[in-house]
Amino acid sequence: MEEQNQLKVGKLYLWVVLLFMLILPVVSILINSAYTYGISIALIGKWFVFWAIGVRLLTAGIRQVLKPEFTAKGIFHIDNKESFVIVKELGFANICFGLSGICSLFIPEWRTAAAFTGGLYMGIAGVQHIIKKPSTPNEWVAMVSDVFIFLLMAGYIICN
């Protein structure tokens, strides 16, 4: 039964990733562009840094601190409670990256730094997923979303 569960993508996990890394940033860009001079690289960066780096990493970090078993078992396939302390520390890092992305909405001077650090973090995590070769749908979702945000943040930094 557990093996069958690993072959299914977690619907809640998939929706959270889609909401924070695609749907909510695009909706925010469209709403914001109605009150500005259209869509720009700065506007795209503003909302993707806020949602994909800020909110996504903050919520992931909180979940890793409060429920480390999801990341340990569902992403890393570690069924050992002793690993939870390491997952919690990963959660602390995600909380820090996430807060910088959220703060960048209110302190625009932080946006490039949040895009760089959060994007680089996602890129390195994405490469790690590629090297490991994802074996479950949740791992595929993590890999694709990490690489997508890395490329988007790199593009934002280069073009901004």
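User: What makes a residue part of the lining of the largest pocket, and which ones lie nearest its centre?
Analyst: A lining residue has an atom within 4 Å of a pocket point. For the largest pocket, 26 residues pass, with Y13, R56, A60, Q64 and N94 nearest the centre. Bear in mind that this is a predicted model: local features need pLDDT of at least 70 and side-chain atom pairs pLDDT 80 or more, while totals for chains, interfaces and linings use all residues. Numbering runs from 1 along each chain as its sequence is written, and side-chain values use heavy atoms, without hydrogens or water.

User: Why is it called a pocket, and what is its volume?
Analyst: On a 1 Å grid over the protein atoms alone, a pocket is an open set of points where a 1.4 Å probe fits, with protein on both sides within 12 Å along at least five of seven lines. The volume of the largest one is about 590 Å³, counted as the space filled by probe spheres on points joined across faces, edges and corners.

User: Which helices line the largest pocket, and what kind of residues do they bring?
Analyst: α2 (11-34), α3 (41-66), α4 (68-75), α5, α6 and α7 (137-159) each give at least two lining residues. Helices here are DSSP runs (H or I, at least four residues), numbered from the N terminus. α6 has the largest share, 7 residues. The lining splits into 15 nonpolar, 7 polar and 4 charged; Asp, Glu, Lys and Arg count as charged, Ala, Val, Leu, Ile, Met, Phe, Trp, Tyr, Cys and Pro as nonpolar, the others, Gly among them, as polar.

User: Why are α5 and α6 called roughly antiparallel?
Analyst: Their axes, at residues 84-106 and 111-132, cross at roughly 150° and come within 8 Å. Over 145 degrees counts as roughly antiparallel (under 35 is roughly parallel, 65 to 115 roughly perpendicular, the rest oblique), so α5 and α6 qualify. The contact (heavy atoms within 4.5 Å) includes N94 and F97 of α5 and G118 and Y121 of α6. By type, it divides into 5 nonpolar, 6 polar and 1 charged.

User: What about α2 and α3?
Analyst: The axes of α2 and α3 come within 9 Å and cross at roughly 150°. That puts α2 roughly antiparallel to α3. Their contact divides into 17 nonpolar, 4 polar and 2 charged residues.

Definitions and conventions. Axes are lines fitted to C-alpha atoms, for helices over the stretch in contact, and angles run from 0 to 180 degrees between N-to-C directions.
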